[in-house]
Amino acid sequence: MNTETTIESAIARSISHNEIVRVNVPDIGAARDAAGLIADECDDARENDGSLDVWGVLDGSDFRIRLVTQ
């Protein structure tokens, strides 16, 4: 599964289950870029543990995912 498909699935799960979805990715930067392309609005914050908290809106629904390197 490619990064964009993985991020798209994580966003869909976050919206449908109203939860923060943890996503293991090989490259946090590429995954963040993918989220920005998919979402209508998107922002992020780096966490102390090196992960990236990403939140935004897709088709009027809020999502939140946590990107973590594998």
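In which sense do β1 and strand β4 pair, and over how many bridges? The model is predicted, and in it β1 and β4, residues 61-69, pair in the parallel sense over six bridges. One of the residues involved is Val21, whose bridge partner in β4 is Ile65.

Staying with strand β1, residues 20-25, the side chains alternate. Val21, Val23 and Val25 point to one face and are buried.

Next, the salt bridges. The count comes to four.

Glu19 forms a salt bridge with Arg13, with the closest N and O atoms 2.6 Å apart. Glu19 is partly exposed at 31% relative accessible area, and Arg13 is partly exposed at 39%.

Asp44 and Arg32 meet through their side chains at 2.5 Å, N to O. Asp44 lies in strand β2, residues 41-46, and Arg32 in helix α2, residues 28-38, so the pair ties together parts that are 12 residues apart in sequence. Arg32 is buried, with a relative accessible area of 18%, whereas Asp44 is partly exposed at 29%.

Asp53 and Arg64 also form a salt bridge, at 2.6 Å, N to O. Asp53 is in strand β3, residues 52-58, and Arg64 is in β4, so this pair ties together parts 11 residues apart in sequence. Asp53 is buried, at 3%, and Arg64 is partly exposed, at 34%. Salt bridges with shared partners join Asp53, Arg64 and Arg66 into one network.

Last, Glu4 in helix α1, residues 3-17. Glu4 is partly exposed, at 42% relative accessible area. Leaving out residues up to four places away in sequence, Glu4 touches Ala34 and Ile38.

Technical notes: Residues are numbered from 1 along each chain as its sequence is written. This is a predicted model: local features need pLDDT of at least 70, side-chain atom pairs count only at pLDDT 80 or more; totals for chains, interfaces and linings use all residues. Side-chain values use heavy atoms; hydrogens and water are left out. Buried means under 20% relative accessible area, exposed over 50%, partly exposed in between (1.4 Å probe, protein chains only). Helices (H or I, at least four residues) and strands (E, at least two) are DSSP runs, numbered from the N terminus. Two strands pair if DSSP finds at least two bridges between them. Contact means heavy atoms within 4.5 Å.
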